[in-house]
Amino acid sequence: MRVPPQSDLPSQVSECFEALYRSMAQRSLAYFTRRTADPEVARDLWAETWARAYASRDRFRGSTREQREAWVLGIGRKVLAGHYRRGAVERRAIERLQLERLDLDDHGLDRLERVAGRRALRHEIAVALAMLPALQAEALRLRVVHGLPYEEVARRSRVTAQVARARVSRA
């Protein structure tokens, strides 16, 4: 393999990043929208993820498309986790200030679910899960739906953590 001259490296890194962005922009925005049910928050988290990825693009060491996508999604998960942590801090502050929480009745909850498109999303997810091989679907359910760590997914599936990660990744 020919190593490009140093002067070519920055342009190749930028071109590779642009291609990654073009291939993942919509999927990564959907990722945040589904997890926050708030398009404005999703857009902010999406932008922060891409800004962080761009700022650290020269430190990425992978070589495949899958590795690049996993790298961006890893950054996105950290951004999302930070958002949730900040939300927990805000909730505690609201409790300290004794602010009243808005309670929704069944009708209000149904309306909110319709607006967020959660029923349609649940159906799409159920259809997609049904199309997966059983072992991959089960690993994905345990990891994503139930939020179990890979070690627990592995234990329940009677496989190694590495195999559990691979099943979730393939799913």
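The model is predicted, with local features requiring pLDDT of at least 70 and side-chain atom pairs counted only at pLDDT 80 or more, while totals for chains, interfaces and linings use all residues. Residues are numbered from 1 along each chain as its sequence is written, and side-chain values use heavy atoms, with hydrogens and water left out.

The chain contains 8 helices and 0 strands, where helices (H or I, at least four residues) and strands (E, at least two) are DSSP runs numbered from the N terminus. Its pattern along the sequence reads α-α-α-α-α-α-α-α. Of the 171 residues in the chain, 26% are buried; buried means under 20% relative accessible area, exposed over 50% and partly exposed in between, with a 1.4 Å probe and protein chains only. Contacts (heavy atoms within 4.5 Å) also say something about the fold: among those between residues at least 6 apart in sequence, 50% join residues at least 24 apart.

Ser 28 counts as buried because its relative accessibility is 3%. A polar atom of the Ser 28 side chain lies 3.0 Å from the backbone oxygen of Ala 25. Leaving aside residues up to four places away in sequence, Ser 28 touches Trp 46 and Trp 50.

Further along comes helix H6 (residues 134–145), whose 12 residues should span 16 Å at 1.5 Å a residue; its end C-alpha atoms are 15 Å apart, which agrees. The expected span here is 1.5 Å times one less than the number of residues. Gln 136, Ala 137, Ala 139, Leu 140 and Leu 142 of H6 are buried, and the cover over the buried residues of H6 includes helix H5 (118–131), H7 and H8. Just after H6, Gly 147 adopts a positive phi of about 70 degrees.

Helices H7 (residues 150–157) and H8 (residues 161–170) have axes that come within 8 Å and cross at roughly 100 degrees, so H7 is roughly perpendicular to H8. Axes are lines fitted to C-alpha atoms, for helices over the stretch in contact, and angles run from 0 to 180 degrees between N-to-C directions; under 35 degrees counts as roughly parallel, over 145 as roughly antiparallel, 65 to 115 as roughly perpendicular and the rest as oblique. On the H7 side, Tyr 150, Glu 151, Val 153, Ala 154 and Ser 157 meet Ala 161, Ala 164, Arg 165, Arg 167 and Val 168 in H8.

Key
Polar contact = N/O pair within 3.5 Å; in protein donor to acceptor, adjacent residues only side chain to side chain.
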